[in-house]
Amino acid sequence: MKLSDTEWIVMNAVWEAGEAVSARDVLESVESDWAYTTVKTLLSRLAEKGILSEYKRANTNYYESLVTRDQARADALHLLVDKAFDGTFGSLLQHMVSREKLSKRDRQRLAEMMAELDAKKRNKK
Amino acid sequence: MNDHTANLNWLQSTAEAWAGWMLPMSIQLLVVVGVVYAMDSLLGRRAWPKLLAALWCLVLLKLVVPPSLSSPLSVAQLIELPAMEVQTPVATPLLANSSNSEALSQSHVLTESSAALRESERPGPQSEVSAYVVLFLVWLIGCGLLAVLITWRGFRTSRRLRSAPNVAPPQWLQLRYPVLAAQVRLRSIPRLRIIDAAVGPAVFGVLRPVIVLPAALVKTSSREELEHVLLHELAHIKRRDPVWDLVSLVLSIAYWFHPGVWLARRRLSSVRELRCDEAVMAALGDKAQAYRRTLLAIAQPLWAPSGLSFFPRRSQLVERAEHLACGTPPHAIWRKLGTATTVLVLAICVVPLGVDERAVEASSRMRTHTTSDEALESSASRAAPAALAEAINSTIAAENSSDKDNPARIIKTQHTDSPLAGSAEARPVSYELPPLDEMQGCMQRRYVVMAALARQAQASQSKTIQPNP
């Protein structure tokens, strides 16, 4: 799943809202001088790609995300850390996270932690 | 030719000095790293990051402390570490004048180092010095290659970062960034660059660090996630981690051959991340748990499939996430005291692993004497026996001149009533020496060596030996 820069801006606004949004909602939250029609077009395109679901309510189109931010981010960030910057051998970069080889057990543990945190977040809402 | 010899001598002495540091240090480092690693493993999640950082910093401290440093409370007093002493050329007799035909007391003579004998054939000690020179040169080349490689990679990284196109930060970030810097109590605001390049969120630079964010991360992250990332990087700058990383890197180059040093560096790097995570948690207060989710979410695309690792270790990410799950530690004062106490105890008991020199000399004297006795007896058998007397006279003169009230003074008596009396040079002499137990340290050592030489001289000269009164 590949998103353009403008599509990312729209999707971020949808994810930040955490619920179904209209074109007007997105226009108000993004920091850009887009026109209303531009936002509407972007939302429709994302719906066609299967990233958003679209439905009508009281003569207004609402859009909801069908993918999580993490899922969308995975594709964008999988090349994030270039091997040249790998900190295992002398690099002076202080990475926040670096590419790491994980055992099956560690991957499971991390996935469990993510699921646990997501569940807590949903319960809070 | 003189310059060449001088250079060789300098190289030899430098290599010996280097070996005198590195050889015992290599053994002692194994002990220190082993103790720290054992404590780290045993404590596990119970260890707070500050304690872990302090423990591993002790390894760095050990690297700069002389291996001869000793402490009465050190564990070295309990365990016998391999001496790994550098064997320098032992005392050899002077062989200058072979015209002197004085008789020697059988077991009471002394000798001293000889330039003449060094020019003659020499046993074991010379080949050991050569090995030190080889080791020293290998070490030097290793340091050089590693330094060049790391410097080249640093320049390459710097060039790529400089040439990467800048992306303007979103307006909200420009307003929020100074607030985040204030949250981690930074006095000056470091530069922030958002670049369109494949690089992780990182701090780059030592003297004037810069925070680098990839445009892809800014694009795909929520505001809360970006703030967490920036807080983490700002915490690195607040803690001066780039400086500490440079220090540990320089030390790692100097000890490039020692796996314990690389283990310590890797572990310190992990612990630094834990400490920054802790700082972010403290800055976020009751919203701290959201940081844990940010960490996992940002790291998720970077989980590589499992593979063989030279140093199998637990996942740094798992460790960080589990530490974050514990939340902000309570009872900070007790943790500070615990850290200080633990570090102090280890600094006194584990870091100084040198042994008292006098004790080493006393315990190894017989081993050294055996080696030197054999070496010198072997040398003496090839040298002119009569010239031993010259060496003895010189030694006696030197010892006597140093302290006239010294009870260990040697008294030389030239016998005029001997049947061998003739010219002054031919009259036999005897040497009255004090009892062995009144002679200490190097004098005792020379005493034993000379006794061996005297036996050799006696066998070859077949002169009357004056018994010891």
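Let's start with A:Glu19, which sits in the loop between α1 (5-17) and α2 (23-29) of chain A. Keep in mind that this is a predicted model.

**Chain A at a glance**

- Chain A has five helices and four strands.
- If you walk along the sequence of chain A, the elements come in the order α-α-α-β-β-α-β-β-α.
- Of the 125 residues in chain A, 40% are buried.

**Patches on the surface**

- A:Glu19 belongs to a patch of negative charge on the surface, together with A:Asp25, A:Glu28 and A:Glu64.
- A:Glu19 has 54% relative accessibility, so it counts as exposed, since the cut-off for that word is over 50%.
- Chain B brings a nonpolar patch on the surface, formed by B:Leu73, B:Leu344 and B:Ile348.
- Together, the three residues of this nonpolar patch have about 290 Å² of accessible area.

**Salt bridges: a pair joining two chains**

- Over all chains, the structure holds 18 salt bridges.
- One of them pairs B:Lys219 with A:Asp5, and their closest N and O atoms are 2.9 Å apart.
- This pair joins two chains, because B:Lys219 lies in helix α6 (residues 215-220) of chain B while A:Asp5 lies in helix α1 of chain A.
- Both partners are partly exposed: B:Lys219 has a relative accessible area of 23%, and A:Asp5 comes in at 48%.

**Salt bridges: pairs within a chain**

- In chain A, A:Arg69 forms a salt bridge with A:Glu16, with 3.3 Å between the closest N and O atoms.
- A:Arg69 is in helix α4 (residues 69-77) of chain A and A:Glu16 is in helix α1 of chain A, so this pair ties together parts that are 53 residues apart in sequence.
- A:Arg69 counts as buried at 10% relative accessibility, whereas A:Glu16 counts as partly exposed at 44%.
- In chain B, B:Glu227 forms a salt bridge with B:Arg176, and here the closest N and O atoms are 2.6 Å apart.
- That pair links distant parts of the chain, with B:Glu227 in helix α7 (residues 223-238) of chain B and B:Arg176 in helix α5 (residues 171-183) of chain B, 51 residues apart.
- B:Glu227 is buried, with a relative accessible area of 16%, while B:Arg176 is partly exposed, with 29%.

**A network of charges**

- Some salt bridges link up into a network made of A:Glu16, A:Arg69, A:Asp70, A:Arg73, A:Asp118, B:Glu225 and B:Arg293.

**Cysteines**

- How many disulfides does a search of the whole structure find? The count over all chains is zero.
- Among the cysteines, B:Cys57 is partly exposed, with a relative accessible area of 33%.
- B:Cys276, on the other hand, is buried, with a relative accessible area of 0%.

Note on methods
Residues numbered from 1 in each chain as written. Chains lettered and ligands numbered in written order. Predicted model: local features only at pLDDT ≥ 70, side-chain atom pairs only at ≥ 80, totals over all residues. Heavy atoms only, no water. Disulfide = S-S within 2.5 Å. Buried < 20%, exposed > 50% of the residue type's maximum accessible area, 1.4 Å probe, protein only. Patch = residues over 30% accessible without salt bridge, like charges linked within 9 Å, V, L, I, M, F, W, Y side chains within 5 Å. Areas by Shrake-Rupley, 256 points an atom, 1.4 Å probe, with all protein chains shown as cover. Salt bridge = Lys/Arg side-chain N within 4 Å of Asp/Glu carboxyl O. Lys, Arg positive; Asp, Glu negative; His and termini not counted. Charge placed at Lys NZ, Arg CZ, Asp CG, Glu CD.
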